[in-house]
Amino acid sequence: MQCEYKKTMKKNEVVLWEEGTDQGPGFYEKMFTYNQVPGILPFVTEKTGGGIRYRYKLGTGESVKERYARNPMGYGQFRELLQKIVNVMEGAREYLLDERDYVLLPECMIYD
């Protein structure tokens, strides 16, 4: 899975994709289409010639990578971040999401 964080004057977004995957909508895409999972950003699916891209609009949010590039993370902030990740994963169990399918890259985790 590849990730790109885009920040412009008008919008911030994260785009995820994997080359060579051009399969139809699976369980996760259908589930996200009809449900808003707490802690998971809504996304738009785009089919391209090379595969499928998932575009997440961030609004005013910023990535963990961007936030802590300016000010390094302390122990308390790190512990709080890990607890929030655990809370999102535990809450998403009722939607049958698998913990192994999360993308936990600093540029893909967003603070709002």
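## Paired strands

Two strands pair if DSSP finds at least two bridges between them. In this predicted model, strand 3 (residues 43–48) and strand 4 run antiparallel, joined by six bridges. Threonine 48 stands opposite glycine 51 in strand 4. A hairpin of two residues connects strand 3 to strand 4.

Strand 4 spans residues 51–57. Five of its seven residues are buried, so the rest of the structure largely encloses this strand.

## Salt bridges

Side chains of opposite charge can pair when their charged atoms come close. The count here is six salt bridges. One of them links glutamate 46 with arginine 55, with the closest N and O atoms 2.8 Å apart. Glutamate 46 is partly exposed, at 27% relative accessible area. Arginine 55 has 15% and counts as buried, because the cut-off is under 20%. Glu13 joins Glu46 and Arg55 in a network of salt bridges.

Arginine 70 and glutamate 62 also meet through their side chains, at 3.1 Å from N to O. Arginine 70 is exposed, with a relative accessible area of 51%. Glutamate 62 is buried, at 19%.

## A pair within helix 3

Glutamate 80 and lysine 84 both sit in helix 3. They are four residues apart, about one turn of the helix. Their side chains form a salt bridge, 3.1 Å from N to O. Glutamate 80 is partly exposed at 44% relative accessibility. Lysine 84 is partly exposed at 40%.

## Confidence

The protein has a mean pLDDT of 82, and 94% of its residues reach 70 or more. Among the elements, helix 3 (residues 75–91) has the highest mean, 93. Helix 1 (residues 27–34) has the lowest, 78.

How values were computed: Residues are numbered from 1 along each chain as its sequence is written. This is a predicted model: local features need pLDDT of at least 70, side-chain atom pairs count only at pLDDT 80 or more; totals for chains, interfaces and linings use all residues. Side-chain values use heavy atoms; hydrogens and water are left out. pLDDT is the predictor's confidence in each residue, from 0 to 100. Buried means under 20% relative accessible area, exposed over 50%, partly exposed in between (1.4 Å probe, protein chains only). A salt bridge is a side-chain nitrogen of Lys or Arg within 4 Å of a carboxyl oxygen of Asp or Glu.
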